Amino acid sequence: MLVAEGITVSLSGRRVLEGVDLTARPGEVTAIVGPNGSGKTTLLKALSGDLPMSGAATLNGIAIASAPVWQMAALRAVLAQQITVSFPFTVLEVVRLGLTASAGRETDPRQALARVGLAGYEARPYPHLSGGEQARVHLARVLVQLGAPVGPGGPRWLFLDEPVAALDIGHQLQVMQLAHDFARAGGGVLAVMHDLNLTARFARSVALLAGGRLVAQGGVDAVLRDDTLSAAYRCPIRLNCAPESGRWYLPQMAGALDAH
Amino acid sequence: MTVTLAAGQPEVDRRARGARATWALLVLLGFAALAALGSGASGVSLGAVLLGIWSGEGLDARTQLVLFEIRLPRLAVGMLVGAALAVSGALMQGLFRNPLADPGLVGVGAGSGLGAVVAIVLGGLLPFQTPWLVPVAAFAGGWCATLILYRVATRQGRTSVAMLLLAGIALAALAGAITGILIYLADDNELRDLTFWSMGSLAGSNWDKAVLGLPFILPVLLFAPLLGGGLNALSLGEAAARHIGHPVERIKLLSVLGVAAAVGAATAIAGGIGFVGIVVPHLLRLATGTDHTRLLPNAAILGAALLVGADTLARLVVAPAELPIGIITAILGAPVFLWILLRQAPLAEA
Ligand SMILES: Nc1ncnc2c1ncn2[C@@H]1O[C@H](COP(=O)(O)OP(=O)(O)OP(=O)(O)O)[C@@H](O)[C@H]1O
Ligand SMILES: [Mg+2]
């Protein structure tokens, strides 16, 4: 269980997050959505122990701010929004960076690569890969770090910051399915998302941020509604339903049409 | 015999290459050491030495003196200094996540150098004279530079690499300015010492210097590879390395202390020898990849071999006189440095 209460973060003298409460349960995907600059990445960094924050945050009952790095590393892995690798490691070497003494050894790096659709890429230099391929290499690294979805310290957690932002539609589904399966097997997933359709399809709980505050948290039905989304994104958005795939969200191009 | 490796086993391949490289480098070091022992101004050849031992007649007194009091200590100092510089370079590059970082860049070398220059020029004012003054002052300078760097670049227990680099530039500039002033104060004798020293040389090597360097350099060589995994992870950035569970602050602190110890000792016993710390790790990365757990031990061996080889060249090129070894390493190293810069250019713009 991830419980955060009153998370407040100031960066360079600016209040970026203001009293955000968030709960995430293992066994389901929890999505954080909201417009650019609403504080999603900041929240994920704070919960990863990267930023000085006020408020209380615990993961499986352990205080995030004061836990030693090795303990947190055995409990959760973090996929950042942007990662640069400063030396020309091979793909397999990058994935193996996730192997640590504390966690890991449960997932074979080659298998992890295969699961993100990169079988056969092991020996290629990481800098030679495309953006989406590089993103999936890091996903494999994060999977290798965590190993099984549940460990001796309880459920393990994936913190993913826009895991599908760089991916094509097929790999978006593949990666979201992977996260979903991880949760179904008992792990926890906290994912920052921009794609509301994927969110509706794969997440069970959604937190909506706007302007550094939590606007709503709850089930998909309660949070992803025409009115809350339109207000948060400042853009008319309509919920529709397709007979087979369920709900989908369509931005209404009202402003653009009015201009004509 | 050719070694065939199963396809799809690149990891095994790379590791095997790393291990093979270690053996190849040890052989190279052996040859470099034999060449160094067998050449010099006294004309005692390796053949004569080996023959003396082989025939059971033993070595005559002169050969013994040349071998045990001149060439062997010089070989020992050369190996220590070369290994220290190469390993420091690899540590710094891992720490700064930049293949161009070098102890010279963060001002550790400049600090050691300033200490030595102060000792050379102002040492005459002291009421007592001791040959230990220059080495000890270079030591002290290196440590001071590291302490200042740490004070400037560390905030709330976290080190900013950019601040470290900038502080290093400032320290180097300051050391250069003070050196400039001291040169005006120096007499002719001291000036010759200064030039020779600033170019670096193994000419004054003796067992005392080897003994002075050993306790500082050897632990760094032995323990640096233990930092390899952490330095690998650091290439993802400090936050990502921490997420994986690496004690980032401790890795950075130990790397900086290791570099200060090794570079301070190397500068103290051989002066400022440049480019070894850049060239050696770069060549190794081309040959066996980036993994620091392999890079660090291999760098120690290749650094030792390279410096011993360069020193042999320095003694042979203008025999019976000799060149400061720093000239040789600069001639070999500066073009490589520029070449790395050139290859990096597109990355830097991206
Ligand atoms: N170091 C910083 N100093 C000052 N302000 C910052 C800093 N980092 C982020 N911010 C500000 O905090 C706000 C939230 O940033 P954050 O990166 O969390 O947004 P986000 O919701 O992840 O946006 P995006 O969807 O674009 O990734 C932004 O307005 C940003 O400008
Ligand atoms: Mg973000």
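**Entry 1: a nonpolar patch on chain B**

I looked for nonpolar surface in this predicted model. I noted a patch of about 680 Å², formed by B:Val118, B:Leu122, B:Leu125, B:Ile181, B:Tyr184 and B:Leu185. I then asked which helices of chain B each supply at least two residues of the patch. They are helix H4, residues 108–122, and helix H6, residues 161–185. I recorded that H6(B) gives the most, with 3 residues.

**Entry 2: B:Leu122**

I took one member of the patch, B:Leu122, and found that B:Leu122 lies in helix H4 of chain B. Its relative accessible area is 34%.

**Entry 3: A:Leu160**

I turned to chain A, where A:Leu160 is in strand S9, residues 157–161. Is A:Leu160 buried or exposed? A:Leu160 counts as buried because its relative accessibility is 2%, and the cut-off for buried is under 20%. Beyond its neighbours within four places in sequence, I listed its contacts as A:Leu44, A:Leu79, A:Leu139, A:Ala179, A:Val189, A:Leu190, A:Ala191 and A:Val192. I also checked A:Leu160 against A:Val16: the two are 144 residues apart in sequence and 20 Å apart in space, C-alpha to C-alpha.

**Entry 4: confidence**

I noted scores of ipTM 0.91 and pTM 0.86 for the model. Chain B has a mean pLDDT of 82, and 89% of its residues reach 70 or more. Over residues 1–10 of chain B, pLDDT stays under 50, and the model has 8 contacts for them beyond four places in sequence.

Notes
Residues are numbered from 1 along each chain as its sequence is written. Chains are lettered from A and ligands numbered from 1 in the order in which they are written. This is a predicted model: local features need pLDDT of at least 70, side-chain atom pairs count only at pLDDT 80 or more; totals for chains, interfaces and linings use all residues. Side-chain values use heavy atoms; hydrogens and water are left out. pLDDT is the predictor's confidence in each residue, from 0 to 100. Contact means heavy atoms within 4.5 Å. Patches are made of residues with over 30% relative accessible area and no salt bridge: like charges are joined within 9 Å, nonpolar side chains (Val, Leu, Ile, Met, Phe, Trp, Tyr) within 5 Å. Accessible areas come from the Shrake-Rupley method with a 1.4 Å probe; for residues, only the protein chains shown count as cover. A salt bridge is a side-chain nitrogen of Lys or Arg within 4 Å of a carboxyl oxygen of Asp or Glu. Helices (H or I, at least four residues) and strands (E, at least two) are DSSP runs, numbered from the N terminus. Buried means under 20% relative accessible area, exposed over 50%, partly exposed in between (1.4 Å probe, protein chains only).
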